[in-house]
Amino acid sequence: MRHIISVLMENESGALSRVAGLFSARGYNIESLTVAATEDPTLSRMTIVTRGSDDIIEQITKQLNKLIDVVKVLDLADVGAHIERELMLIKIRSTEQNRLEIRSLADIFRGKIVDVTASTYVVEMTGPSEKLDAFIAAIAAEAIIEVVRSGPTGISRGESGLHL
Amino acid sequence: MELSGAQILVQSLKDEGVEYIFGYPGGAVLHLYDALFQQQDIKHILVRHEQGATHAADGYARATGKPGVVLVTSGPGATNAITGIATAFLDSIPLVVISGQVSMPVIGSDAFQEVDMIGISRPCVKHNFLVKDVTKLAETVKKAFYIATTGRPGPVVVDIPKDMTDPNIKVPYHYPKKVSIRSYNPTVVGHKGQIKRAVDLLLSAERPIIYSGGGVVLGEASRELTEFTRLLGYPITNTLMGLGAYPATDKQFIGMLGMHGTYEANMAMHESDVIIAIGARFDDRVTGKLDRFCPHAKIIHIDVDPASISKTVKVDIPIVGEVKPVLEQMIELIKDHKHKPHKKALEAWWAQIGEWQALKCLEYDRNSPLIKPQYVIEQLWEVTKGNAYITSDVGQHQMWAAQYYRFDKPRHWINSGGLGTMGFGMPAAIGVKLGFPDADVACVTGEASIQMCIQELSTALQYDTPIKIINLNNRYMGMVRQWQEFTYESRYSHSYMDTIPDFVKLAEAYGHVGMHIDKPEEVRPALEQAFAMKDRTVFLDIITDRTENVFPMIEAGKAHNDMKLRGLDSASTDRELA
């Protein structure tokens, strides 16, 4: 099963490699990983999307917790309701024929056109990963020049939060 | 007080109460060595290879319970230390390893003797630090000791660039008495409700077994384990790492379990209805085939490391906490409990265990004209009255030492259980002897293992650490040969050496006493003579039966009730069970 694991950790050099090293050393898979400093600049928050049986996910969270630099670990699947978003920038070749269609598709998907040239559009879009997949599928493959995705990040709903 | 980085490191180690540093100098640590030269309190043990430094520090730590300290230079010094660091990591031994690094401005430029020690050591340390600010050095050292020695212990590397130890740059020195790390808070006390549930389950058991491991030794909980076990009257088995935590000569002790465990211990595990695992981690050498592991048992597991719980075997009642306080709580609860251990069921259980014991799985041919390795260990036990510190290398001799030297006290059995590092035993024995100068210290080894760190014989002379080396010389890498005999139709691929040195002359060349023993009747007198030479390191080269195998054996991937016994193949074992 797919899990989104949030990791709050010391914002120190080498912290990212400890996490990445843990996953490769123990044979866990990483679908995506995003990381940035939090509102407290001494802490980073990492979001890891991984897949595995319940036993594997339990081990992943325990092994992450065991890293000295890790302050807290939260499996968003465990907290129930949560919001998941991914950012995509997609560069599309525009022609006389498809220009209108791309604009209306971007509208439907609540994307924004953030760059226009004579022959290209760059569309910015956020949403759950499936929505981004659906948008890509809606564009003719030969029109897509480049796709850049951030990988998902997530946050739990309600009052609780991941902090010290 | 203003000190240079080098002086800060040395002063921090003094303030930490360090007695010994095991190390080897080199370019990146010259400032540190100069600071060491100008003081008397900390003794530096100059090894002959950095691997030896880590093993000696490790042996010292295992025997004394204090963290071992290692000092190596950058590049090859650091990489040579890795095997020893990994050895300590797999067995949860507290080490603080200080490695020199090239100066900050040249890091990343492939400078002379530069290696990314933080990167290389990451998977085999509990934590590591690169010191980038000399004003943080003292605090970093304190953190390193704190992390190494608390929770589940382990090695910590502190990588110090040369410019951080510059004698011309002085900064105020303050060594913190205490340190706290917000992201590191190991659990000490177990969950009350879980402990109560565990005790209820334990007292309802009809075929219980206590399975304890190295965590009891590390957690200084031997006394509590003994009281707990005697209070319940249950059988107890120890892992390879847990030997000595419960007295092996006691009648409730049914031997080691696992791949080369006793028949009775493995059968009792297999047939048990309740297992309490205490500071043990369900290692593959213990469990055998996982889906046939203890099919009837409910499992309680006490461990300080939550990640050890339900890692390989799913447990029913996990208790995260230090073994000692958890056992203390359990003892109290058992004493006050409305139920007592199930007397009738226990009698039947002990009777069953007695039947398994009657098989005498550790019996061997005592009339052989050749020296049997088991006999040597039995004699070693008698001559040292069971009081010696025994270190070992890795292979058959290690298993025989574990099976036949009956350890009654914790911290006396010192071996590389997790990583299985050949070359560990002799430098470890040097470390033990430094910790306990008046104790008998023997290294049980083989002619293959001993050659992996043989150069440390020179260290043993320089620092006057008279140890006894019991070399069970069977002219084979015995354990490799045994597996090749069993599973590769005796194709002994590269498991022997065409040339073996004359160990007597070798020992003498290093300034020690060498003895050659090739008859069974010579074994006892030779051992007595060797241990009587209190001030000499003695190398006993004992020529043993080269075809001897370690039994019982659970071959890799088989279950506890599928043991190969001496003189019985596994099929007949199965018949007996049916």
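Helix α12 of chain B, residues 323–336, has 14 residues and runs 20 Å from first C-alpha to last, close to the 20 Å expected at 1.5 Å a residue. That expected span is 1.5 Å times one less than the number of residues, and helices (H or I, at least four residues) and strands (E, at least two) are DSSP runs numbered from the N terminus. Keep in mind that this is a predicted model, where local features need pLDDT of at least 70, side-chain atom pairs count only at pLDDT 80 or more, and totals for chains, interfaces and linings use all residues. Residues are numbered from 1 along each chain as its sequence is written, while chains are lettered from A and ligands numbered from 1 in the order in which they are written.

**Around α12 of chain B**

- The buried residues in α12(B) are B:Val323, B:Lys324, B:Val326, B:Leu327, B:Gln329 and B:Met330; buried here is 20 or more other C-beta atoms within 10 Å of a residue's own, exposed is 12 or fewer, and partly exposed is in between, with C-beta atoms placed from the backbone.
- Their cover includes helices α7 (192–203), α8 (214–218) and α9 (222–232) of chain B, along with strands β12 (274–278), β13 (298–303) and β14 (317–320) of that chain.

**Chain B overall**

- Chain B comes to 21 helices and 20 strands.
- Its radius of gyration is 24 Å, close to the 25 Å that the globule rule gives for 578 residues, so chain B is as compact as a globular protein of that length. The radius is taken over C-alpha atoms, and the rule is 2.2 Å times the number of residues to the power 0.38.
- Along the principal axes, the C-alpha atoms of chain B fill a box of roughly 75 × 60 × 40 Å.
- Buried residues account for 56% of the 578 in chain B.
- Of the contacts in chain B with a separation of 6 or more, 77% are between residues 24 or more positions apart; a contact is two C-beta atoms, placed from the backbone, within 7 Å.

**Cores**

- B:Val70 and B:Ile85 touch the most other members of the largest nonpolar core, which has 204 residues. Such a core is a set of buried Ala, Val, Leu, Ile, Met, Phe, Trp, Tyr and Cys residues joined through C-beta atoms within 7 Å.
- There is also a second, separate core of ten residues, including A:Met88, A:Tyr121, A:Val123 and A:Phe135.
- Neighbours within four places in sequence aside, B:Ile85 contacts B:Thr54, B:Leu95, B:Val97, B:Ser121, B:Cys124, B:Val125, B:Pro155 and B:Val157.

**Helix α1 of chain B**

- Nine of the eleven residues of α1(B), residues 5–15, are buried, so this helix is largely enclosed by the rest of the structure.
- Those buried residues pack against β1 (2–4), α2 (30–37), β4 (68–72), β5 (95–101) and α6 (137–149) of chain B.
- Just past α1(B), B:Gly17 has a positive phi of about 85 degrees.

**Sheets**

- In chain B, six strands make an open parallel sheet in the order β16-β15-β17-β18-β20-β19; two strands pair if DSSP finds at least two bridges between them.
- The edges of that sheet are β16 (413–414) and β19 (513–517) of chain B, each pairing on one side only.
- Five bridges link β19(B) in parallel to β20 (538–543) of chain B, and B:Ile517 has B:Ile542 as its bridge partner there.

- The B:Phe551 to B:Pro552 peptide bond is cis, with omega near -10 degrees, and B:Pro552 is in the loop between β20 and α21 (570–577) of chain B.
- B:Arg475, not a glycine, has a positive phi near 60 degrees. This arginine is in the loop between β18 (468–473) and α18 (478–487) of chain B and counts as partly exposed, with 16 C-beta neighbours inside 10 Å.
- B:His494 also has a positive phi, about 55 degrees, without being a glycine; B:His494 is in the loop between α18 and α19 (503–509) of chain B and is exposed, with 8 other C-beta atoms within 10 Å.

**Where the chains meet**

- 13 residues of chain B contact 17 residues of chain A.
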